[in-house]
Amino acid sequence: MTPLPQFDSDSFRMVSRRVALNRRDFLRAAGLIGASAPLLGFQPLRAAALPRGHKVVVVTFGGGARDEETFAPDGQENIPHLIQTLLPQAAFYSRVVNQGILGHYVATASLATGAYETFDNFAATPPANPTVFEYYRKALHRPATDAWVVAPSNGFNRIGESDAHGFGPGLGAGVILPKHLLAAAMPQHQQTAFTHLLRDNYEDPYYTPDLRGGEFELSQLDTILKLSVREFTQHALSLSSADELSVYVAHQLMRQLAPSLLWITLHDMDVAHSGAFSLYVEGIRRSDRLCAEIWQMIQSEPEYAGKTTLFILPDFGRDSDFDSGGNGFQHHRTGDALSRTTWIMALGPGVRQGAMIDRPVQSIDLVPTLGTLMGFDTPRCHGRVLTEVL
Amino acid sequence: MRPNQLTPASFAAYPPQASELVRSHLDMIRTLPLVFAALLLREARDYDWKFPAEQRAIAEQFSFLASLSDAQRTNLLQGFAAVRLPDSATRMDWIAHPQKFLDALTASLWSTHQIDAFRESAKLYADRLLQARTEQPPAIPRMTVVVLGAGLEQDGYPLFRKLRPHGVFVPQVADSGAWSELVAFAQKRAQSHPAPSGHIYIDGGEADAALSAHFATSSYAGLAPVRQQLLQRIGVILASPNSGPEQLRTAMADIQPDSLHWPDRSVDPVFQHFQLDVLTQGSGTQIFSTTFVQWSAREALRRAQPLTLILRFAPRQRSLNMNEMLSGKTQGNSPDPAGSLVDADMGAFYAWIDQQRLTGADQSTFLAWSQGRKQAVLIGPTLPRETTAGAPMTMQQMMAQLS
């Protein structure tokens, strides 16, 4: 009888490396990354050479995707756009470790502050450390319209700014929760037509707070997105998921305000918590397609084309099939190596296309990298600069 | 209260068997670190409602701990003793409500970055415990049969992709009477090796009465009244002020079977507790029949360690807004045949993995069979790996291969 792989007995380093090798083996086999592709050295002048008005778009997957369903051989069919379209143009970090709490809001907040936040994942709490949006706006004296977050509605309404001393209210990003926006735009009795767009918190399938929009959300439609309620709801009807709604809202932001720092959190794949593998894979495939659409949007919008760096990263992974403490893809509760290991993809001017970076990095390294790229300091973050994409 | 302050009266609220077990090891429990004592009591607290295999494991664990000298025990459990606890946790009643304490502990371990060290401590302890145990092989080689029932279909989906490398793929199963043949085989097997909870049958739709007569049976359809009652309670809890996931989880864990109306009052109380645990502790088990079957299988194998496990997946409802599904008002929601096939295929793979964790794994056998596709995979110690059967097979022939 076949013995089961004993991930439990492997060291974290070994498993992490195995994850990386899976990706690398596949990528090389696909001929997308040359075996001799050199690692990039630190090139300090690269950032200085970026075009004026450089912009950054960050896409996170709030709901980890495992190697098995993505970069491993059997998973590649689920991410054709990431592999065939984006990866050849990207620098790829294959060993990104998240050492923080594996809950989506607190983990995404940690990505945005560059420090592992420790608040209750289910509480509507601002991060304790300054966010990248606050660093950016305060240091470069940027207006409120220049930094935005588009996020799922469960808890993410406080992610735009921290309660850190010297930062906080008035210095952060605007936050749009598209599902709240839609709930506000739709009379209660008509919301059944939009149920597929209003799916909410899968972190604990018991806990699904009702979506309630309000006047604030409706004013966002008119004053920020320049959309009438009718236009918005009509378009929403043509979409198939909450993440598609988020990307539609992000596109409107790009057209109307062209923010220099735009953060989009996709969340469909977190339906995995309900235990339906098919829905989880469907979410991955949709995220894959939407990432390619976002890159296409960047190329087609004059304010963004040629001067935008796109970062794509899951907030963390999901449990291994072979960790007896978990239930495979369904959750991210064990804290095992696979649930902590993920990747970062970066595309844009100055990024070495086709570079594969195997050295271990952390997901909190994103913030100091953005700071270096855009020209501001991030003194309270704990991450280190990803020099290879500068 | 610290463990060294425990007295026999501390366990007055425990059920009879649990109380006797704990009191007989009170001196040893008094020496344990608080965190570890709570973990141990969480297992012992529900001893009366555990399967025989679980009761044996708990008793062995107490014996193992008692066999160590104080110095050995202190050394083995030093990682648990080093856990820094928040004041709020130390004030909790971890004796009467160990699960509530452990929920708070878990949150603290994550937020204080102690979770990795805790995992290491738990792994060290588990390894030592496993070394000390003398595991008994099952009376007969275990067998798990997973049936992807009628109505599960998706054109072009590569079925059993994860299982095929481990056994024989049968591309053509003669479907005439295959289910009846399987039921007859299973009945005979259960009758010839009777054991409490030794033969379990989980169905994602209506259970087949012919099989449930000889198996401890749990079905998604049969539990519909219980699911409905639970969903109503969830609704009430969520509508209450300051409700959140932790409050809801605690409230669900506190539900006892006798507070619900059960359609079948003849069910063994231990198995009834198991059914309730599946619905109150499993994510998605209340709303998707495929998740219900997969999680039930995982828990049945982990806890009851049956000699025979038969699973039958049925189409689950389409995915809707989670609030809508939890409202319990989606009875007429149409099924999702394509998604259900994918879910069941993964569920079959997980059932095989879970069976492989048990004693006697090297002799256990496994069959996954799709009624719609008329395809199957056979895995067993005498069967070759990663091969394809050259001719159609009947259910009887497949069972003969596995016997």
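Predicted model: local features only at pLDDT ≥ 70, side-chain atom pairs only at ≥ 80, totals over all residues.
Biologist: Fine. Which strands does helix α18 of chain B lie across?

Modeller: Helix α18, residues 395-402 of chain B, lies across β1, β2 (168-170), β6 and β7 of chain B, and its direction is at about 15° to that of β7(B).

Biologist: And what is the strand order in that sheet?

Modeller: The sheet is open, with 8 strands of chain B in the order β4-β3-β5-β1-β6-β7-β2-β8 and mixed pairing; its edge strands are β4 (216-219) and β8 (387-388) of chain B, each of which pairs on one side only.

Biologist: In what sense do β1 and β6 of chain B pair?

Modeller: Strand β1 (residues 143-148) and strand β6 (residues 365-370) of chain B are parallel, paired over 6 bridges, and within this pairing B:Leu148 has B:Ser370 of β6(B) as its bridge partner.

Biologist: Which strands does helix α17 of chain B touch?

Modeller: Helix α17 (residues 337-356) of chain B packs on the sheet and touches β1, β5 (308-313), β6 and β7 (375-379) of chain B, with a direction that makes about 175° with that of β1(B).

Biologist: Switching topic, how is chain B divided into domains?

Modeller: Domain 1 covers 3-132, while domain 2 is made up of 143-223, 263-326 and 333-402 of chain B; their C-alpha centres lie 34 Å apart.

Biologist: How many residues are in contact between them?

Modeller: In chain B, 5 residues of domain 1 are in contact with 8 residues of domain 2, and the domain 1 side has 4 nonpolar, no polar and 1 charged residues.

Terms used. Residues numbered from 1 in each chain as written. Chains lettered and ligands numbered in written order. Pairing = 2+ DSSP bridges. Helix = DSSP H or I, 4+ residues; strand = E, 2+ residues; numbered from the N terminus. Contact = placed C-beta atoms within 7 Å. Axes fitted to C-alpha atoms, helices over the stretch in contact; angles between N-to-C directions. Domains from an automatic or database assignment. Nonpolar A, V, L, I, M, F, W, Y, C, P; charged D, E, K, R; others polar.
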